[in-house]
Amino acid sequence: MNRRRLKRLCAALPLLLLAIPDGSRSQEISKEVPVNAQAKRYGTGWECKRGFRWDGAACIAIKFPENAYLSETSSGWECKRGYKSDGGSSCVAVRVPQNAYLSGLYGDEWECERGYQKTRAGCFPVLVPKNGYLIDSFQGRGWNCDHGFRASGNECAAVKAPQNAYLSDSSLTTGWQCERGFQQSGDICLPIEIPRNGYLNGFGTGWKCDRGFKKEGGDCVSVKLPTNAHLDYSGSDWSCDRPFRRQNDGCVLSQ
């Protein structure tokens, strides 16, 4: 009996739905989704269509000025390339001075062409002195000196390397560095004095003691090993053998 009633109800359901006036259904839909809105692509609810925004009561058209376009989020507008917002409701043209080009992510800025330097007034040519060359730089003077020359004001002056030195382009030096085995002392290079049982370090700018010796002043003195000790990894100090531990100048059994 229950099955028969259920079948009759299912058969009558489409007829009941058709009996609902179309106007009533459209009114219900219009109450749920306002004009110029659409169902969200993901999740539930609705959102304003592209080119419209919600003002608290309805979806109204987004008004944007000349030389602007709808943003990707459709919630506002952005100025076209070559224009920038004046902070209000307009897009004004970017004034690009002579010898410059549009730059920036949105083309709302400008930079000077190669060989010109940017100032508030515009782009001025970089004056490269003799024995100098142009570099790509947004800051600074815009040029460097050739090898063997150093910047001195607006000119490139020749570097005078002392005896036992060579020319260097490092910005941390005066244009020259001492050769291996020599060290700088003012404007000259003096030989590095290596004590007995010592040798030049890897850079040739100083000296180290042989293994088994340690620095004391300007000499290499022998490392004195106490009983039950051995030279450590540095070779200039000692460590105790196991199970001994270091105490003052000797090795004692650990307790």
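Mentor: Start with one rule: a disulfide is a pair of cysteine sulfur atoms within 2.5 Å. Keep in mind that this is a predicted model. The structure holds seven disulfides.

Trainee: What makes Cys79 and Cys91 a disulfide?

Mentor: Their S to S distance is 2.1 Å. The cut-off is 2.5 Å. The pair of Cys79 and Cys91 therefore counts as a disulfide.

Trainee: Why is the disulfide of Cys79 and Cys91 called left-handed?

Mentor: Look at the torsion about the S-S bond. For Cys79 and Cys91 the torsion is about -90°, so the disulfide is left-handed. Cys79 lies in strand 6 and Cys91 in strand 8, so this pair ties together parts twelve residues apart in sequence.

Trainee: How do you know whether Cys79 is buried or exposed?

Mentor: Buried means under 20% relative accessible area. Cys79 has 13%, so Cys79 is buried. Cys91 has 10%, so Cys91 is buried as well.

Trainee: What makes Cys112 and Cys123 a disulfide?

Mentor: Their sulfur atoms are 2.1 Å apart, and the rule asks for within 2.5 Å. The torsion about their S-S bond is about -90°, so this disulfide is left-handed. Cys112 is in strand 10 and Cys123 in strand 12, eleven residues apart. Both cysteines, Cys112 and Cys123, are buried.

Trainee: Why is the pair of Trp46 and Trp54 called edge-to-face?

Mentor: First the count: there is one aromatic pair. The ring centres of Trp46 and Trp54 are 5.1 Å apart, with the planes at 70°. Pairing needs centres within 6.5 Å, and edge-to-face needs planes over 60 degrees apart. Both conditions hold, so the pair of Trp46 and Trp54 is edge-to-face.

Trainee: Why does Trp46 count as partly exposed?

Mentor: Its relative accessibility is 28%. Buried is under 20%, exposed is over 50%, and partly exposed is in between. So Trp46 is partly exposed. Trp54, at 41%, is partly exposed by that rule too.

Trainee: How do you know that the charged end of Arg141 sits over the ring of Trp143?

Mentor: The distance to the ring centre is 4.6 Å. The rule asks for within 6 Å of the centre and within 35 degrees of the ring normal. Arg246 lies over the face of Trp238, at 3.6 Å from the ring centre.

Terms used:
Residues numbered from 1 in each chain as written. Predicted model: local features only at pLDDT ≥ 70, side-chain atom pairs only at ≥ 80, totals over all residues. Heavy atoms only, no water. Phe/Tyr/Trp six-rings, centres within 6.5 Å; stacked < 30°, edge-to-face > 60°. Buried < 20%, exposed > 50% of the residue type's maximum accessible area, 1.4 Å probe, protein only. Helix = DSSP H or I, 4+ residues; strand = E, 2+ residues; numbered from the N terminus.
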